Amino acid sequence: MSQEYQFQITVNTQYIEEQSEPENERFVFGYTITIENTGELGAKLDSRHWVITDANGEVTEVQGQGVIGEQPFIEPGKSYQYSSGAVISTPIGTMEGDYKMIGQNGTEFKAPIPVFSLTAPGVLH
C-alpha cells in the first residue's frame, strides 16, 4: 500500500454472555472496528474477508460486500466505525482478514485487519 492509501484498523471485542450457550459449544462475541484513513487519498470499503479460527483449529472464512450493509467512502483524516459479531464453538478463538478497498483514483488494494483474539472471561489466567 502506498503512502497515498494508508489505513489504521483497531478492534475492541467483548464476550456476550447472555447470547452464549457454553453447554452447547456456542460462544458469542461482539466486536467494534474503527477504520482510520491516515493516508493522503480517500477510498471506499468494497468488501471484507474474514478468517475465524476456534481453539480446535476449526477455520471459517467469511466474505461479503461491504460491512453491515454499507460500503463507506473514508476521506483522509476521517474514520469509520461499526460493530458486528461472531459465534464460535470454543471459549477462545481468533479473527483476522482484510478489507478490499477501491481508492478514489480507481486503485484496488487490501487493508489488512490484524489478528485479534476472542476470549471468554475466566478462560485465561
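Modeller: Two residues are in contact when heavy atoms lie within 4.5 Å. This is a predicted model, in which local features need pLDDT of at least 70 and side-chain atom pairs count only at pLDDT 80 or more, while totals for chains, interfaces and linings use all residues. Residues are numbered from 1 along each chain as its sequence is written, and side-chain values use heavy atoms, with hydrogens and water left out.

With contact defined in that way, Ile35 touches Phe7, Gln8, Ile9, Leu45, Ile74, Lys78, Ser79, Tyr80, Tyr82 and Tyr99, once residues up to four places away in sequence are set aside. Ile35 is also, with Trp50, Tyr82 and Tyr99, among the residues with the most contacts inside the largest nonpolar core, which has 29 residues. Such a core is a set of buried Ala, Val, Leu, Ile, Met, Phe, Trp, Tyr and Cys residues joined through side-chain atoms within 4.5 Å, where buried means under 20% relative accessible area, exposed over 50%, and partly exposed in between (1.4 Å probe, protein chains only). Two or more residues of this core come from each of strands E1 (7–15), E2 (27–37), E3 (43–54), E6, E7 and E8 (108–119); strands (E, at least two residues) and helices (H or I, at least four) are DSSP runs numbered from the N terminus.

Thr90 counts as buried because its relative accessibility is 6%. The Thr90 side chain reaches the backbone nitrogen of Ala55 at 2.9 Å and the backbone oxygen of Ile92 at 2.7 Å. Beyond four places in sequence, Thr90 is in contact with Phe27, Phe29, Asp54, Ala55 and Asn56.

Further along, Glu96 belongs to strand E7 and is partly exposed, because its relative accessible area is 35%. Leaving out residues up to four places away, Glu96 touches His49, Trp50, Val51, Ile113, Pro114 and Val115.

For the whole chain, there are 0 helices and 8 strands, and 39% of the 125 residues count as buried. Of the contacts between residues at least 6 apart in sequence, 65% join residues at least 24 apart.

Technical notes: Polar contact = N/O pair within 3.5 Å; in protein donor to acceptor, adjacent residues only side chain to side chain.
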